[in-house]
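Hello,

Here is the structure for your set-up work. My notes on what was found in it follow below.

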Amino acid sequence: MVDVILGLQWGDEGKGKIVDFFAPGYDVIARFQGGPNAGHTLYVKGEKVVLHQIPSGIFHDGLINLIGNGVVLDPVTLKKECEKVAAFGVDVKKNLFIAERTNIIVPTHRALDKAAELAKGDEKIGSTLKGIGPAYMDKTGRNALRVGDLLDPAFDTLYAKLKAKHLQLLGNYNFNEDISEWEKEFFESIAFLRTLNIVNGEYFINQKLAEGKKVLAEGAQGSMLDVDFGTFPFVTSSNTISAGVCTGLGVAPNKIREIMGVTKAYCTRVGSGPFPTELFDATGEELRKVGNEFGATTGRPRRCGWIDLVALRFACMVNGVTKIIMTKSDVLDSFKDLQICTAYNVNGTVTKEVPYQLSQANLVPVYEQFKGWSRPVSECKQWADLPKEMNDYLSFINQYLGVEVKYVSNGPGRDQIIFS
Ligand code: GDP
Ligand code: IMO
Ligand code: MG
């Protein structure tokens, strides 16, 4: 069977830490979508590590980590990351596997991402500039190079063809940046990639399932960044929701058991696009400071605001969430009052549904106020230790969503998590 851990908001919910925590209960940890736009933070032996391409189970000896076909893979990032984890004694040749259908990000994808964002000016998506959009466009446009192609003796010709197409497109943008350095690194990196375990991902994972092995699928980004259900066009280019597990790994829907959704106790977003509960005042600033809300991939300050149950309920619905994991509860320790968004007032009409075009709606969030707990929850070791005010906060959320918060993370450390 397959369990899933994915983000319910706009990314950076703490998925990496949560996957690392649950990993020992599984045999395979698999990424099913996204690429180096992801930044998943873990603490290993007290040291902070940010993973972009490698699944967050990599530090557990004996586990298989699979990069699934739904991922877009930047060989340059992967090579650097393999070197980073090797410094912790991880043997990637033993426990990292890459599906041959995984699409490759080439240097001109990054150039196209940059050129497209520049051309959009004020309307830019605020992409991570990692080439994600152009790489997925080449997948659906049926142009992409895939990891399996690396083993084709004609790879260099295939690459040259794709590059020529991209240069033509870049000409439309008047993009003149020299990409020769990127290309040099790219070719060094694909030589390294060829030495890793390249497998037929769908047979590989289904064989493991047939042997009774347990698989944990690790989501990247968040449900509100899903290309179909997110705040389009301010989204990423993949299906971040649970349905993406099936297409991104080649497992059938009836193999999926638990869908564990991760949410912060408040809400953040990085990049452009609608964010109904965003705070532009001192409270928002305080959340950013206490929560250390700066992007793990780009270092950009994250936009901060209160938890949004309208968006969360929507995310629970489209994902089929069975359990909720709430992270960063400790960040709210010092706030006297907390707000929970329970509805949107859209042009005078109150609704509990996410409108079609969140970005164009004249929207005011409706809040319910809760008393803060004003004590350090990081000191709590078990559920019974949680302050009454936090229990009230959680009960309201459980009732509204119809799905229970079963785990509360109360610090960034691997073991800072409490369950009911
Ligand atoms: P991801 O992309 O979903 O894996 O999340 P990121 O790693 O981008 O961002 C989450 C940040 O919050 C990281 O810096 C984590 O170390 C940190 N974090 C995770 N859980 C907690 C928590 O419960 N409390 C605090 N204070 N920090 C946390
Ligand atoms: P993790 O896995 C937060 C955002 C970007 C931008 C939009 C599109 O760490 O949660 P892209 O580069 O994908 O074309 O950018 O999506 N974004 C993320 N925001 N966490 C992420 O990943 C993100 N990956 C992409 O900031 O707004
Ligand atoms: Mg992140």
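The lining of the second largest pocket has six nonpolar, eleven polar and nine charged residues (Ala, Val, Leu, Ile, Met, Phe, Trp, Tyr, Cys and Pro count as nonpolar, Asp, Glu, Lys and Arg as charged, and the others, Gly among them, as polar). The model is a predicted one, in which local features need pLDDT of at least 70 and side-chain atom pairs count only at pLDDT 80 or more, while totals for chains, interfaces and linings use all residues. Residues are numbered from 1 along each chain as its sequence is written, chains are lettered from A and ligands numbered from 1 in the order in which they are written, and side-chain values use heavy atoms, with hydrogens and water left out.

The volume of this second largest pocket is about 580 Å³. Pockets and cavities were found on a 1 Å grid over the protein atoms alone: a cavity is a set of points where a 1.4 Å probe fits but cannot get out, a pocket is an open set with protein on both sides within 12 Å along at least five of seven lines, and lining residues have an atom within 4 Å of a point. Grid points are joined across faces, edges and corners, and a volume is the space filled by probe spheres set on the points. The pocket is lined by 26 residues, of which Thr41, Gly291, Arg302, Lys328 and Pro412 are the closest to its centre. At least two lining residues come from each of α1 (15-22) and β3 (40-44); helices (H or I, at least four residues) and strands (E, at least two) are DSSP runs, numbered from the N terminus.

Where does the second largest pocket lie? Domain 1 (2-102 + 198-260) and domain 3 (264-419) both give residues to its lining, so it lies between them. The assignment also gives domain 2 (103-193); the bounds come from an automatic or database domain assignment. The centres of domain 1 and domain 3, taken over C-alpha atoms, are separated by 24 Å. In contact (heavy atoms within 4.5 Å) are 35 residues of domain 1 and 41 residues of domain 3.

There is one cavity of 30 Å³ or more, and the largest cavity has a volume of about 40 Å³. Its lining consists of Leu8, Gln9, Trp10, Met224, Cys267, Asp308, Ala311 and Leu312, that is, six nonpolar, one polar and one charged by class. The largest cavity also lies between domain 1 and domain 3, because both give residues to its lining.

Next, the sheet. Ten strands form an open sheet with mixed pairing, in the order β9-β7-β5-β2-β10-β1-β11-β15-β19-β20; two strands pair if DSSP finds at least two bridges between them. Its edge strands, β9 (197-199) and β20 (417-419), each pair on one side only. From one strand to the next the twist averages 25 degrees. Axes here are lines fitted to C-alpha atoms, for helices over the stretch in contact, and angles run from 0 to 180 degrees between N-to-C directions. Within the sheet, β5 (residues 64-67) and β7 (residues 96-99) are parallel and share three bridges, with Leu96 in β7 as the bridge partner of Asn65. Helix α8 (residues 201-210) packs on the sheet and touches β1 (2-7), β2 (28-31), β5, β7, β9 and β10 (215-218). The direction of α8 makes about 145 degrees with that of β5.

Val44 has Glu47 in β4 as its bridge partner. The two strands form a hairpin with two residues between them, and Lys45 in the turn has a positive phi of about 50 degrees.

Helices α4 (residues 107-120) and α5 (residues 132-140) pack at about 115 degrees, their axes 7 Å apart. His109, Leu112 and Asp113 in α4 meet Ile132, Pro134, Ala135 and Asp138 in α5.

Two backbone points remain. Phe232 and Pro233 are joined by a cis peptide bond with omega of about 5 degrees, and Pro233 is in the loop between β10 and α9 (243-249). Asp12, in the loop between β1 and α1, has a positive phi of about 60 degrees although it is not a glycine.

Regards
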